[in-house]
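Trainee: Please pick one part of this structure and go through it slowly. Then show me how the rest is put together around it.

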Amino acid sequence: MIQHVLMVSWDHEQLSPAQDGWQKRWIQSKHRTDYGKFRIGAGRFYGDREKDKGLQTTQDTKYYAVSARFRPFNNEGQTLVLQYTVKYDQRVDCGGAYVKLFSEDLNQEIMNEDSKYYIMFGPDICGEDKKIVQVIFNYKDDYYLIKKNITCETDDFTHLYTLIVRPDLTYEVKIDNYVAEAGHLEDDWDFLPPRKIVDPNMPKPEDWDERETIEDPMDKKPDDWDQPERIPDPNVTKPYDWDEEMDGEWAPPLIPNPTYRGIWKPRIIKNPNYRGKWVQPEVDNPEYTPDPNLYKYFNISVIGIEILQGKSGTIFDNFLITNDDKYAEDAGNEMWGVTYEREWKRRERQDVVYNKINEKEGKKGKESKKEKKGKDLNVKDEL
């Protein structure tokens with residue numbers, strides 16, 4: 001039974017520089033010796049310096065692998081909601097910011113990119129071409145990627161990502177509490193063979209006519225249609241001094257034939273026998289068997305961040321797993337919504353200050369140029 005499990009990354013009382021309480025909750029994998037390090041940080045700008053602190057990547061071009069364990073649960077017969085916030089505090093060029101859900105069997109000490117997971121969800125950016133929200137499910141030990149393209153946020157504000165999976169096999173992906181994509185698990189992942197397949201025993205009938213238009217069989221070419229494209233110029237006569245022995249046989253120059261009508265083609269009419277484009281009929285796929293348990297996972301017990309980042313600085317916060325999507329929405333508005341509004345206000349104030357500084361520097365630059373110009377003039381006058 002899923003309870004409203006609020007996956008808080010740390011206790012705010014343990015965030016003083018002398019205390020590392022969050023590291024007791026989040027286990028650093030030892031699978032590699034060069035994993036990137038996390039710190040607790042709120043970024044370059046924030047809504048609240050303390051409340052907006054999260055797990056932040058600190059080293060460029062590094063793999064990261066940390067995880068936190070919670071009491072195991074199953075989502076059988078219930079909605080599963082996975083929610084958290086991401087803030088790209090850096091100008092991200094290439095880096096994942098997704099999370100993974102694991103079973104209780106995961107050995108956190110050696111968690112790595114090959115560790116089996118149930119769900120992978122969250123933004124993934126690499127250059128200009130890849131700015132997506134990953135939604136990958138484990139089904140019978142194979143991984144299936146969503147077939148739809150969901151664009152993630154790429155600015156440096158905090159954003160809320162929510163995945164909702166329901167027992168009726170429907171799902172939603174929300175960004176900032178707005179539905180970015182929704183549908184059915186069977187339709188948007190290739191978990192199962194298709195319900196219908198083309199009937200191999202039903203070929204197109206030989207007399208099936210797909211031509212929308214045809215040449216009119218009743219249209220006949222006029223008898224006088226065939227005329228040469230060019231004719232001898234009737235207004236030119238052989239020069240009086242033309243010597244055929246010396247100059248060869250005389251022939252008048254050719255000019256376009258005014259009666260030439262081109263190549264004859266019968267007119268085009270609608271095909272009275274047109275039956276439309278042939279569509280191969282479909283039949284039930286004998287290999288398809290519905291699976292009402294596509295959504296189901298047992299002993300979910302670990303949430304992990306296993307990513308590669310080019311530029312570091314990403315902040316993860318406000319982790320929440322619940323069986324109540326309304327609760328998640330309200331919690332998101334409370335945890336993320338207030339932060340987002342405050343970030344915008346702080347950014348606006350920073351921009352005002354930045355612009356004022358630039359204006360002052362610009363004025364100083366102009367004044368220095370004037371002074372320099374004046375000195376140059378004086379030098380020229382003295383010379």
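Mentor: Setting aside residues up to four places away in sequence, Glu249 touches Trp242 and Glu244; contact means heavy atoms within 4.5 Å. Glu249 sits in the loop that runs from helix H3 (244–247) to strand E18 (254–256); helices (H or I, at least four residues) and strands (E, at least two) are DSSP runs, numbered from the N terminus. With a relative accessible area of 73%, Glu249 is exposed; buried means under 20%, exposed over 50%, and partly exposed in between, using a 1.4 Å probe and protein chains only.

The model is predicted, so local features need pLDDT of at least 70 and side-chain atom pairs count only at pLDDT 80 or more, whereas totals for chains, interfaces and linings use all residues. Residues are numbered from 1 along each chain as its sequence is written, and side-chain values use heavy atoms, with hydrogens and water left out.

Asp216 is in the loop between E16 and strand E17 (230–232), and its relative accessibility of 9% makes it buried. Beyond its neighbours within four places in sequence, Asp216 is in contact with Pro266, Arg267 and Ile269.

Next come the annotated residues. An unreviewed UniProt entry carries the annotation "binding site" for Tyr98, Lys100, Tyr117, Asp124 and Glu306; the positions are given in the numbering used here, feature names are shortened, and such annotations may be inferred rather than shown by experiment. Tyr98 lies in the loop between strand E7 (94–96) and strand E8 (99–103) and is buried, at 12% relative accessible area. Not counting residues up to four places away in sequence, Tyr98 touches several residues, including Tyr84, Phe121, Asp124, Ile305, Glu306 and Phe316. Tyr117 is in the loop between E8 and strand E9 (119–126) and counts as buried too, with 8% relative accessibility. With residues up to four places away again left out, the contacts of Tyr117 are Lys100, Leu101, Phe102, Ile136, Asn138 and Tyr143.

Tyr84 and Phe316 are a stacked pair, because their ring centres are 6.4 Å apart and their planes meet at 10°. Tyr84 belongs to strand E6 (residues 80–88) and Phe316 to strand E22 (residues 314–322), so the pair ties together parts 232 residues apart in sequence. Both Tyr84 and Phe316 are buried. Trp208 and Trp278 make an edge-to-face pair, 5.1 Å centre to centre with 75° between the planes. Trp208 is in the loop between strand E15 (196–198) and strand E16 (213–215), and Trp278 in the loop between strand E19 (268–270) and strand E20 (282–284), so this pair ties together parts 70 residues apart in sequence. One aromatic cluster is formed by Phe137, Tyr139, Tyr144, Tyr171, Trp189 and Phe191.

Thr61, which is not a glycine, has a positive phi of about 50°; Thr61 is in the loop between strand E4 (54–57) and E5 and is exposed at 63% relative accessible area. Leu169, also other than glycine, has a positive phi near 75°; Leu169 lies in the loop between strand E12 (158–165) and strand E13 (170–175) and is buried at 8% relative accessibility.

For the chain as a whole, there are four helices and 22 strands, and 40% of the 383 residues count as buried. Of the contacts with a separation of 6 or more, 74% are between residues 24 or more positions apart.

Key. Rings of Phe, Tyr and Trp (its six-membered ring) pair if their centres lie within 6.5 Å; planes under 30 degrees apart count as stacked, over 60 as edge-to-face and the rest as tilted.
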